[in-house]
Amino acid sequence: MNKLLFTLLFCFSCATLIFAQSLKISGRITDSQSKEPLEFANVMLTTADTTFVGGATSNMNGDFLVENVIPGDYRLVISSVGYKTSETILQGVDEGINLGSLELEENSVLLDEVTIAASNEKSNSDRKIVFPSDKQKKSSSNGIELLQQIALPRLQVNALQRTLSVPGGGEVQLRINGIIATNEEVIALLPEDIIKIEYHDNPGLRYGNAAVVLDYITKRKVSGGNVSVDFTNAINAVWGEDQLSAKVNHKKSEFSLSYRLSTRDFYQMWRENEEKFNFGDGNVINRKEVGQPGHIGMYWQNASMQYNYQPDDKTVLNATFRYFGNEQDHLDYYSDLYFTDRPNDILKLTDKTTASTNRPSLDLYFQKTLPANQLLVVNVVGTYIGSKSGRFYQENQNGSLLSDIQNNVDGKKYSIIAESIYEKQMKAGTFSAGLKHSHAFSDNTYTNGKRYVTEMRQADTYAYISFKGKQKNLEYNLGIGGTRAWSFQEGDGDGYETYTFNPRLTLQYNFPSNAYVRIQGSVNNNQPSLSELSAVDQRIDSLQIVRGNPLLQPYTSYQVNLSGEARKGIFTANLWSSYEYRPKAIMDEKFVEGNRIINTFDNQKSWQRLSVETTLKVKPLKDLLQVSATGGVNHYLSDGNTYNHEYTNWFYRGDVSFVYKKVMLAFQVQSNWNWFWGENVYGGENYHILQAKYNMKNCSIGLGVFNPFSDNYKVVNENWSQHASIKKANYINESSRLVMVQFSWNLSFGRKYASAQKKLQNSDNDSGIVTNSK
């Protein structure tokens with residue numbers, strides 16, 4: 001009994017001594033290059049023989065704390081997705097330790113699969129970094145569907161059509177490991193290979209005027225590959241989005257192919273149009289167009305072949321050949337056209353347009369990591385755009401032909417874009433400099449009773465330097481750039497040559513909690529398009545002509561964005577606001593010339609836009625259920641040389657996604673996000689989508705309905721000119737209650753991975769053709 005009592009007293013005394021000496025180990029985890037804190041890094045403390053002792057996860061400031069540590073010898077292991085695992089030996093620990101800053105290096109070789117239990121996000125001054133969860137990856141078939149699960153602010157994801165957009169039609173630049181990517185190449189991504197997504201909602205100077213940039217950071221196989229198919233087809237109309245992709249890796253080389261075919265063929269398409277023409281001499285014409293069922297038939301195809309060579313983790317060579325082809329066999333409108341003061345005097349209107357485009361391009365890319373944390377990037381893209389179009393327009397009354405218009409265009413455009421970037425990582429931050437030159441030549445022939453030939457050249461050279469750094473909770477990014485732009489049109493004046501100063505500043509303050517506020521200001525250069533510059537007349541109908549203006553000049557735009565985000569538990573709130581001012585903006589105008597209304601372009605006085613939108617995202621069941629709601633307003637002021645307009649547009653969006661085991665359910669709804677420019681209201685889409693999907697090991701099947709609660713689909717555009725006002729609605733009946741079946745299948749082979757990043761995204765898709773449609 002005495003021995004037992006002594007033993008218990010001895011154990012109690014030892015336990016008391018041990019707990020009395022319990023220690024704390026703390027520190028901060030940062031990125032070795034950017035020196036930015038790493039959120040959600042895993043910290044594990046083990047004994048020398050790898051017995052687990054304790055663990056922690058770093059917060060948004062990169063700080064971690066391991067408590068209740070007794071004196072002894074330990075191993076501290078730190079890991080984070082996309083980074084090399086760090087191991088620190090701690091010997092003779094007998095008091096609390098603050099290890100200070102512990103740096104992690106980006107991982108260029110990933111040999112093992114990594115599973116993330118919950119989706120994590122981190123916001124920097126220029127981008128948001130998202131680590132998709134394992135559940136989100138398993139419920140998605142490709143890179144587009146994965147974005148639907150994440151619900152990034154301002155980004156609109158149409159999972160049925162496999163498209164990405166931002167409100168107002170701004171450019172969405174897509175990249176994979178920094179490499180220029182098309183929508184089709186993102187669709188070909190296997191979610192299981194995606195490590196993280198970098199969402200640049202505040203793109204820097206190198207991205208030009210892009211609204212947002214999405215960069216998928218993926219694992220790259222060093223052996224094996226994959227083959228995948230992704231089909232979405234309607235069962236009650238001819239509507240399809242079908243893609244086949246393949247990728248093979250062998251040691252230091254990677255070969256990939258993708259082909260996508262999109263088809264549309266509708267027979268219940270029509271338009272309604274109300275027009276008022278004021279010729280200024282008391283002659284006013286009001287007429288109305290009432291549409292009859294017409295036909296729209298088109299298909300387009302995207303193909304790419306890519307070769308990537310990585311001799312080591314410091315060098316990347318990439319060559320990509322891309323092809324885009326579009327064939328519009330039918331855009332056939334049939335209408336009754338009558339004057340409102342003579343409703344029984346009906347004209348039969350026929351308006352048919354055919355068009356085709358062929359756009360091959362070659363993208364060559366080189367990236368080299370140099371000693372002392374330096375990086376050099378060179379990118380050259382060459383593009384040819386061949387386009388043909390024909391328009392047949394007639395107004396017929398009782399067998400008499402009142403108007404007969406036949407316009408044909410044969411266009412050729414050649415362009416080259418060359419860019420180089422230099423970066424230097426320093427303790428204080430990141431210094432970068434870049435030089436970009438774009439040069440285009442077009443040769444277009446217009447035939448419409450007369451024959452016009454335009455030979456045009458256009459170029460711009462852009463150079464910049466920038467520095468990104470951080471002072472405690474304040475991140476900053478300062479850039480200074482300059483642009484030289486010029487244009488020349490054979491036989492029509494001297495063109496233009498302008499120089500523009502392009503500064504950009506971003507400030508972001510990070511609060512101790514999961515919140516930040518950011519302000520960004522920029523000055524951008526805007527050139528007239530080749531189509532706007534073309535000295536060509538094209539007839540629209542019996543009363544209107546569209547005319548290019550070779551005297552247009554580039555103009556400067558000024559933009560300030562204020563945004564912020566706060567996260568608390570299951571809630572995330574995001575606010576984005578923007579003010580944009582464009583003096584001398586190139587906008588449309590109309591004037592009377594004889595008995596015709598001329599539609600043309602000019603450098604107008606100014607254009608202004610104020611936009612505000614807020615998004616609330618809720619995850620009541622972690623990644624099982626996610627709800628996102630957005631509301632906002634646009635206010636426009638358009639001040640022309642002969643007009644002044646003000647317009648306000650309210651809008652909303654909503655997304656609901658539910659994932660349980662192998663089942664995914666989703667609902668999307670969106671109202672019109674309208675754009676006002678010059679005297680035109682360009683109506684956005686008002687639609688809703690229901691989607692259900694069942695996921696298996698290597699494939700998934702799904703069912704979706706486009707506009708299930710609407711009996712029609714329409715887009716409304718208006719023109720407010722005092723000389724020729726128009727209110728037009730385009731309808732496609734088959735786009736309502738359109739039922740679609742989805743099927744995807746992935747076969748992956750090989751298990752070893754590596755990764756590297758490319759930094760540039762350049763392309764040319766402006767054909768430079770003047771359009772004359774109504």
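Mentor: In this predicted model, a salt bridge joins the side chains of Glu145 and Arg162, with a distance of 3.6 Å from N to O. The two partners come from distant parts of the chain, 17 residues apart: Glu145 belongs to helix α3 (residues 143–150), while Arg162 sits in the loop between β10 (156–158) and β11 (163–165). Glu145 has a relative accessible area of 2%, and because buried means under 20%, this residue is buried. Arg162, at 3%, is buried as well. The pair also belongs to a network of salt bridges that links Glu145, Arg162, Asp230 and Lys693.

A second salt bridge connects the side chains of Arg271 and Asp351, at 3.0 Å from N to O. Arg271 lies in strand β19 (residues 253–278) and Asp351 in strand β22 (residues 342–370), so this contact ties together parts that are 80 residues apart in sequence. Arg271 counts as buried, with a relative accessibility of 2%, and Asp351 counts as buried at 3%.

Strand β22 also contains Lys348, whose side chain meets that of Asp336 in a salt bridge of 2.7 Å, N to O. Asp336 is in strand β21 (residues 315–339), so the pair ties together parts that are twelve residues apart in sequence. With a relative accessibility of 16%, Asp336 counts as buried, because the limit is under 20%. In total, the count of salt bridges comes to 29.

Technical notes. Residues numbered from 1 in each chain as written. Predicted model: local features only at pLDDT ≥ 70, side-chain atom pairs only at ≥ 80, totals over all residues. Heavy atoms only, no water. Salt bridge = Lys/Arg side-chain N within 4 Å of Asp/Glu carboxyl O. Helix = DSSP H or I, 4+ residues; strand = E, 2+ residues; numbered from the N terminus. Buried < 20%, exposed > 50% of the residue type's maximum accessible area, 1.4 Å probe, protein only.
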